[in-house]
Amino acid sequence: MFEGFQEEQVDVGEASVFVRFGGNGPPVVLLHGHPRTSATWHRVAPQLVEAGHTVVCPDLRGYGRSRGPRFTAGHEGYSKRAVAGDVVAVMRHLGHHRFALAGHDRGGSVALRLTLDHPDTVSRVAFLDCLPLTEHLSRITVEFATQWWHWFFFAQPDIPERVITADSDGWYHGDPDVMGPENHDEWRRATRDPDVVRAMLEDYRAGLTVDRRHEEADRDAGRRIACPTLVLWSLRDDLEDLYGDPVAIWRRWATDVHGHGIDSGHHVAEQAPGALASALTDFLRPGPTGT
């Protein structure tokens, strides 16, 4: 995986971030979702390098080989604000002060927080299979509660750790033929690590508490994303079925937004890497809405 890429463990203060990076040209950061690592991008990142970009793929705080601070009752150490700060610090370490950004799933929540907290840093942003957390929570239905029950299970104290670590392979399911064997092996090592499992749960606990409050404050203050924004979603997942047009929802948060669906299941970087890389390359290409 990631032929020609470099790897580094970057100390950013209270966290240590594992990052892969390669290529030359305008930088773009790819943020993975739950329960993946940066290896999920192994089929997309080389295509963006070939298209002329520097590509940076970190493990989110606590995921994969990244490590965060001790766990606290308020979950602030694993808030999207804290993780967004990690990404900014890593990019400055690598010499990039302005960059494009794409976030999938939970990585999309980090991308939203980073774009709102550091607007001068982000040239353009893509959200993949995600909505703002508060948009999900304001639309809770029986269908949402049935299909996304894990959000509320993960938020419970102690119990999820015991359930998941008792049989992590039985809890998390991955197909090496779909994921790629090296990506699958890296992901399985991570999900067998009790510290990683706890950190991933803290991500969800922060989502329903401190992250929700941050988004509500942004919404109440009328803060919006000003840079060009792309919304992509998987047609064989449930986002559009639950909410209708995701672009219409994102227009409440961004002033310049467009998007479309991709024929894929949820883990689009693994299942439809060509279509995803093509969409991102078109979006990142300089033009009337270029960087």
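Helix 11 (residues 194-208) and helix 12 (residues 210-221) pack at an angle of about 40° with their axes 3 Å apart; axes are lines fitted to C-alpha atoms, for helices over the stretch in contact, and angles run from 0 to 180 degrees between N-to-C directions. Helix 11 is therefore oblique to helix 12 (under 35 degrees counts as roughly parallel, over 145 as roughly antiparallel, 65 to 115 as roughly perpendicular and the rest as oblique). The model is predicted, with local features requiring pLDDT of at least 70 and side-chain atom pairs counted only at pLDDT 80 or more, while totals for chains, interfaces and linings use all residues. Residues are numbered from 1 along each chain as its sequence is written, and side-chain values use heavy atoms, without hydrogens and water. Helices (H or I, at least four residues) and strands (E, at least two) are DSSP runs numbered from the N terminus.

Asp203, Ala206, Gly207 and Leu208 of helix 11 contact Val210, Asp211 and Arg212 of helix 12 (heavy atoms within 4.5 Å). These residues comprise 3 nonpolar, 1 polar and 3 charged, where Ala, Val, Leu, Ile, Met, Phe, Trp, Tyr, Cys and Pro count as nonpolar, Asp, Glu, Lys and Arg as charged, and the others, Gly among them, as polar.

Helix 11 also packs with helix 7 (residues 159-166), at an angle of about 140° and with the axes 10 Å apart, which means that helix 7 is oblique to helix 11. On the helix 7 side, Pro160, Glu161, Ile164 and Thr165 meet Pro194, Val197, Arg198, Leu201 and Arg205 of helix 11. By class, this contact has 5 nonpolar, 1 polar and 3 charged residues.

The volume of the largest pocket is about 630 Å³. A pocket is, on a 1 Å grid over the protein atoms alone, an open set of points where a 1.4 Å probe fits, with protein on both sides within 12 Å along at least five of seven lines; lining residues have an atom within 4 Å of a point. Grid points are joined across faces, edges and corners, and the volume is the space filled by probe spheres set on the points. Of the 32 lining residues, His34, Pro35, His150, His266 and His267 are the closest to the pocket centre. The lining divides into 14 nonpolar, 10 polar and 8 charged residues, and helix 6 gives the most to it, with 3 residues.

His34 and Pro35 are joined by a cis peptide bond, with omega about -5°. Pro35 lies in the loop between strand 3 (27-31) and helix 1 (45-50).
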